[in-house]
Amino acid sequence: MTTEIETVTPQQAWQKVQDKQAVLLDIRDLKNFSYCRPPQAFHLTNQSYGQFLDRYDYDFPILVMCYHGISSLNVAHFLVEQGFDHVYSVQGGFEGWVRAGLPSESDLDAD
């Protein structure tokens with residue numbers, strides 16, 4: 001049985017992050033994540049998965065974002081299989097986030 005993953009709009013995702021009601025996981029590659037990402041996004045990779053597990057409980061809502069909103073569904077399914085209760089995919093991925101005019105930050109901003 002495959003669990004249907006709920007999707008949220010970029011605007012809904014941003015509101016949940018702002019209200020500290022969810023964590024936003026960005027699963028894009030390091031180059032793109034470093035160049036531009038949503039504020040407060042956690043960069044989930046194979047290497048950071050342990051840190052993610054240490055930081056977040058299985059009942060804390062998880063928002064997964066990729067490039068276009070497709071790969072995030074696979075990662076969301078994986079997280080549900082690992083025991084996370086509330087996992088959502090962000091519609092349109094980071095491309096949808098940018099199109100919605102939502103805030104972003106960059107490692108280049110740190111200079």
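Which residue does UniProt list for "active site"?

1. **The annotated site.** The unreviewed UniProt entry lists C66 for "active site". Keep in mind that this is a predicted model. The annotation comes from the record, and it may be inferred rather than shown by experiment.

2. **Where C66 sits.** C66 is in a loop. That loop runs between β4 (62-65) and α4 (71-81). Is C66 buried or exposed? C66 counts as buried, because its relative accessibility is 3% and the cut-off for buried is under 20%.

3. **What C66 touches.** Set aside residues up to four places away in sequence. C66 then touches I27 and R28, S71 and S72, and G93 and F94.

4. Over residues 18-106 the chain is 36% helix and 16% strand. The end C-alpha atoms of this stretch are 18 Å apart.

5. **K20.** This residue is not a glycine, yet its phi is positive, at about 55°. K20 belongs to the loop between α1 (10-18) and β2 (23-26). Its relative accessible area is 65%, so K20 is exposed; the cut-off for exposed is over 50%.

6. **Q40.** Here too phi is positive in a residue other than glycine, with a value near 70°. Q40 lies in the loop between α2 (30-35) and β3 (42-43). Q40 counts as partly exposed because its relative accessibility is 47%.

7. **The largest core.** Nonpolar side chains tend to be buried together in soluble globular proteins. In this model the largest nonpolar core has 17 residues. Those with the most contacts inside it are L25, L44, F52, I62, V64 and L79. Which elements give two or more residues to this core? They are β2, α3 (49-55), β4 and α4. The largest share, 3 residues, comes from α4.

8. **L44 within that core.** L44 is among the residues with the most contacts inside the largest core. Leaving aside neighbours within four places in sequence, L44 is in contact with L25, D26 and I27, and also with Y49, F52 and V75.

Conventions. Residues are numbered from 1 along each chain as its sequence is written. This is a predicted model: local features need pLDDT of at least 70, side-chain atom pairs count only at pLDDT 80 or more; totals for chains, interfaces and linings use all residues. Side-chain values use heavy atoms; hydrogens and water are left out. Helices (H or I, at least four residues) and strands (E, at least two) are DSSP runs, numbered from the N terminus. Buried means under 20% relative accessible area, exposed over 50%, partly exposed in between (1.4 Å probe, protein chains only). Contact means heavy atoms within 4.5 Å. A nonpolar core is a set of buried Ala, Val, Leu, Ile, Met, Phe, Trp, Tyr and Cys residues joined through side-chain atoms within 4.5 Å.
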